[in-house]
Amino acid sequence: MKTQFAVIGLGRFGGSVCRELYQLGHEVLAIDTNESKVNEFTTHATHTVIANATDEKALTSLGIRNFDHVVVAIGDNIQSSVLCTLLLKELGVPNVWVKAQNDYHHRVLEKIGADRIVHPEQDMGVRIAQHLSSEKIIDYIELSDEYSIVELVATSKVADQTLADLDIRATYGATVLAIKSGEHMNVSPLPTDIIRLNDILIVIGHNNDLNRFEREGL
Ligand code: ADP
């Protein structure tokens with residue numbers, strides 16, 4: 001059975017979540033109180049509905065409890081976002097992901113059982129800063145407070161050497177998961193694989209080890 005998604009609030013954040021899920025081939029129900037917003041999404045969602053997501057009856061009649069994932073992307077109205085999240089958890093939705101406005105909002109959402117709380121602006125800010133801070137970093141995914149995956153450009157310091165020559169795991173404690181060479185993606189690199197100039201290394205590790213590798217190894 002296909003995973004059922006619902007997105008509540010079709011602003012910039014909710015709207016892009018909805019469009020992307022739909023484009024990826026998922027079933028998505030798009031919900032907003034604003035009629036013109038809902039009309040905008042008729043071609044970017046499986047179903048669209050004008051509804052107030054803080055109204056328990058409206059949520060029940062939409063059968064929201066049958067959805068696997070619900071994303072609450074109600075913007076500035078913290079009270080509505082909290083009430084909606086509470087109702088979704090009470091109705092038994094297993095995965096409720098919520099966009100938080102600030103720290104207090106985050107703490108309340110945590111208490112009422114939101115399964116994942118996102119801060120898109122802050123997260124994007126961190127990624128942009130990481131990217132800006134070094135021309136070697138292409139992208140960055142935070143796995144936890146301490147561990148990340150980074151995409152790094154292979155400089156002349158590592159070019160034309162094998163993974164065995166470089167011995168990155170022993171030297172830096174970081175692991176090369178994949179090597180992207182132009183359009184070709186090598187997802188199970190062997191010790192004998194040679195890194196070329198400007199290849200992209202996808203590396204997992206502790207942030208300190210990744211920083212050291214980026215500064216000293218490349
Ligand atoms: P963003 O910062 O991501 O652009 P916005 O604040 O612009 O977010 O958008 C939030 C959306 O949530 C708006 O389209 C608004 O109509 C919708 N919204 C607000 N309250 C509710 C609610 N109770 N039920 C459903 N949708 C809501």
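Which backbone N or O atom lies 2.9 Å from a nitrogen atom of the ligand? That atom belongs to Ala-53. The pair is a polar contact, meaning here two N or O atoms within 3.5 Å. The protein covers 80% of the 580 Å² of accessible area that the ligand has on its own. Such areas come from the Shrake-Rupley method with a 1.4 Å probe.

This is a predicted model, in which local features need pLDDT of at least 70, side-chain atom pairs count only at pLDDT 80 or more, and totals for chains, interfaces and linings use all residues. Residues are numbered from 1 along each chain as its sequence is written, and side-chain values use heavy atoms, leaving out hydrogens and water.

The side chain of Asp-32 has an N or O atom 2.5 Å from an oxygen atom of the ligand. Thr-33 places a backbone N or O atom 3.4 Å from a ligand nitrogen.

Now take the whole shell. The ligand is surrounded by 19 residues, each with a heavy atom within 4 Å of it. Arg-12, Phe-13, Asp-32, Asn-52 and Ala-53 are the closest. Seven of the shell residues are nonpolar, seven are polar and five are charged. In this count Ala, Val, Leu, Ile, Met, Phe, Trp, Tyr, Cys and Pro are nonpolar, Asp, Glu, Lys and Arg are charged, and the others, Gly among them, are polar.

Last comes the chain itself. Its C-alpha trace spans about 65 × 35 × 30 Å along the principal axes.

Terms used: Polar contact = N/O pair within 3.5 Å; in protein donor to acceptor, adjacent residues only side chain to side chain.
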